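Visitor: I'm new to this one. Could you show me how to read it, feature by feature?

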Amino acid sequence: MWRGHELFISSLPVLVEYIPATLFYFLVPTVISLVLGAWICRVRVGKKNALYWLVSLFVSFFRGTPGLVQIYIVFFGLPKIFEPFGININRWDAGIFYVIATCCNFSSFVSEAFRGAYEAIDKDQIEAGYSIGYSRWQCFRHVIAPLTMQIALPNLKNLEIDLLKGTAIAYVIGVVDVMGRADKIIAQHRGYGQIWILLAAAILYFLINVVIELVFNSLTRHYSRHERGIA
Amino acid sequence: MKKNLTATMALIAAATAAFGMTASADDAKTAEIVLEAENAPYTYEDDNGEPAGYEYEVLKLIDDYLDDWTFNYTVLDYETALAGTTSGKYDLDSGCKFRTPAREEAFLVSNPYNYFFMNLVVKNDSGIKSLEDMDGKSIAPIVATDGRAVALADWMEKHPDIKLDFETLAASGAMADEITSVEDGVYDAAYLSAEQANAILEETGYDDLTITDRVDGRDTDFLINKDQTELQEAVNKAIDALTEDGTLSKLTEEFFGEDNFEVAKELGLRD
């Protein structure tokens with residue numbers, strides 16, 4: 001049980017160096033998916049045209065299949081799509097494939113969080129916005145977006161925590177983040193002390209998640225600041 | 001809709017150009033090589049993240065020998081490496097692979113570029129020197145897809161009088177765990193190469209374990225994507241030439257302290 005525990009101490013500082021990489025694979029999909037997810041949500045609450053069905057199929061597929069399978073499909077499949085055009089993307093960094101797959105997956109979930117929240121907001125508030133002369137953009141900016149955000153936040157928090165933990169499977173296609181590096185250290189030692197190396201990685205993921213939780217708690221306070229007096 | 005598609009394609013093309021990875025004119029002669037990450041001293045990544053190991057050196061020699069081919073290297077987890085070679089993302093998998101019927105089904109298998117010898121790791125006082133001494137004794141489980149499991153099963157089939165207690169694992173286990181389970185007295189022996197065993201013993205510091213003399217051996221070969229017959233022919237031609245002129249023998253001496261091709265002859269693994 002205690003065999004190899006010295007590797008916990010020796011691998012911890014090495015793994016810490018890869019926190020920026022893990023944050024990169026967390027933040028880039030987060031930003032892209034917030035934009036893409038908002039757009040998908042807009043399409044999905046709008047008219048049922050061809051785009052609506054196309055986007056719905058996209059969301060349904062990426063919510064209904066395992067993330068690991070999606071990563072493999074993008075990693076092995078995307079180059080096949082480009083091949084007929086004489087474009088070889090096999091040499092792309094594995095991280096690009098991970099980000100593409102994750103953005104597709106994550107924006108699907110984010111769009112549903114937004115859609116649920118949008119449908120839950122009191123539509124009279126939007127009417128009220130127009131009644132005081134807001135343009136469509138002003139109405140979105142000052143009424144729809146803050147109200148949707150407020151309702152969507154608890155959901156988004158869960159999704160973001162999942163997203164961070166999900167980065168740990170990126171190593172299977174060769175992405176080197178905290179888990180990728182841990183995997184390499186384990187390989188260097190041929191599996192000796194692997195539980196201790198994994199424990200070091202687990203602690204780092206936990207600490208990052210604590211920070212994510214704190215950020216979301218303060219965001220929640222920010223978006224519900226007008227309700228404090230009422231409750 | 002059509003407009004959308006054209007726009008999307010233009011966007012993708014622009015993105016590709018932006019990454020500076022547009023196809024070279026003659027990529028028919030470029031081979032994507034994938035080295036398995038967990039396999040020092042055969043294939044691994046050095047501390048700088050660069051490919052390294054005996055097989056990497058062999059591949060560089062082959063690349064030099066073949067004027068009209070250029071090799072690109074990637075180091076990856078072995079499961080992804082194999083899946084990628086099957087799908088055609090990579091053309092050749094290098095990972096110290098034995099020739100097995102299942103692999104011959106799934107890949108084109110190259111000629112041997114090295115030999116791999118198995119030894120037993122046993123307790124100092126066990127008295128076990130060879131597989132023949134293992135009647136009624138147990139060997140630490142090996143994952144079923146590992147070539148060692150196939151080699152051991154072959155040996156057991158050829159020696160029905162010796163009752164070995166050996167089961168394969170469904171999931172990939174750590175090689176160090178095999179030796180640890182012998183140290184802990186769970187199994188009587190672990191079955192792996194002397195190089196692997198030495199590295200693990202050095203790491204773990206177990207001092208009541210012994211590595212026996214060689215008990216079996218196999219040739220190791222590259223696994224090549226099914227469609228790459230041209231690459232297979234070229235690689236085989238290079239391997240044969242490099243074996244013939246003694247280059248590979250010399251390389252095995254550098255890496256393993258002896259001429260593996262000569263040892264293979266002694267063990268009857270090659271003519």
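Visitor: Anything to know before we start?

Guide: This is a predicted model, in which local features need pLDDT of at least 70 and side-chain atom pairs count only at pLDDT 80 or more, while totals for chains, interfaces and linings use all residues. Residues are numbered from 1 along each chain as its sequence is written, chains are lettered from A and ligands numbered from 1 in the order in which they are written, and side-chain values use heavy atoms, with hydrogens and water left out.

Visitor: How many helices and strands does chain B have?

Guide: Helices (H or I, at least four residues) and strands (E, at least two) are DSSP runs, numbered from the N terminus. Chain B has ten helices and eleven strands.

Visitor: And what share of chain B counts as buried?

Guide: Buried means under 20% relative accessible area, exposed over 50%, and partly exposed in between (1.4 Å probe, protein chains only). By that rule, 48% of the 271 residues of chain B are buried. As for contacts (heavy atoms within 4.5 Å), take those in chain B with a separation of 6 or more: 76% of them join residues 24 or more positions apart.

Visitor: Let's zoom in on a helix. Is α6 of chain B mostly covered or mostly open?

Guide: First the general idea: an α-helix has 3.6 residues a turn, so residues three or four places apart point the same way. Here, α6(B), residues 175-183, is mostly covered, with eight of its nine residues buried. Among them are B:Met175, B:Ile179 and B:Val182.

Visitor: What do those buried residues pack against?

Guide: Their partners in chain B include the strands β7 (114-123) and β8 (138-143), and the helices α5 (147-158) and α7 (194-204). Just after α6(B) comes B:Gly185, with a positive phi of about 80 degrees.

Visitor: Now the two chains. How do I read the contact between B and A?

Guide: The size of an interface is often given as the accessible area lost when the parts come together. Buried area is that loss (1.4 Å probe), summed over both parts. Between chain B and chain A it is about 2,900 Å², and carbon and sulfur atoms give 55% of that. The contact takes 40 residues from chain B and 30 residues from chain A.

Visitor: How many salt bridges are there between chain B and chain A?

Guide: A salt bridge is a side-chain nitrogen of Lys or Arg within 4 Å of a carboxyl oxygen of Asp or Glu. The count between these chains is three. One salt bridge joins the side chains of B:Glu32 and A:Arg91, at 2.9 Å, N to O. On the side of chain B that touches chain A, α1 (2-18), β4 (70-76), α3 (78-87), α6 and α7 each supply at least two residues.

Notes:
Buried area is the accessible area (1.4 Å probe) that two parts lose on being put together, summed over both.
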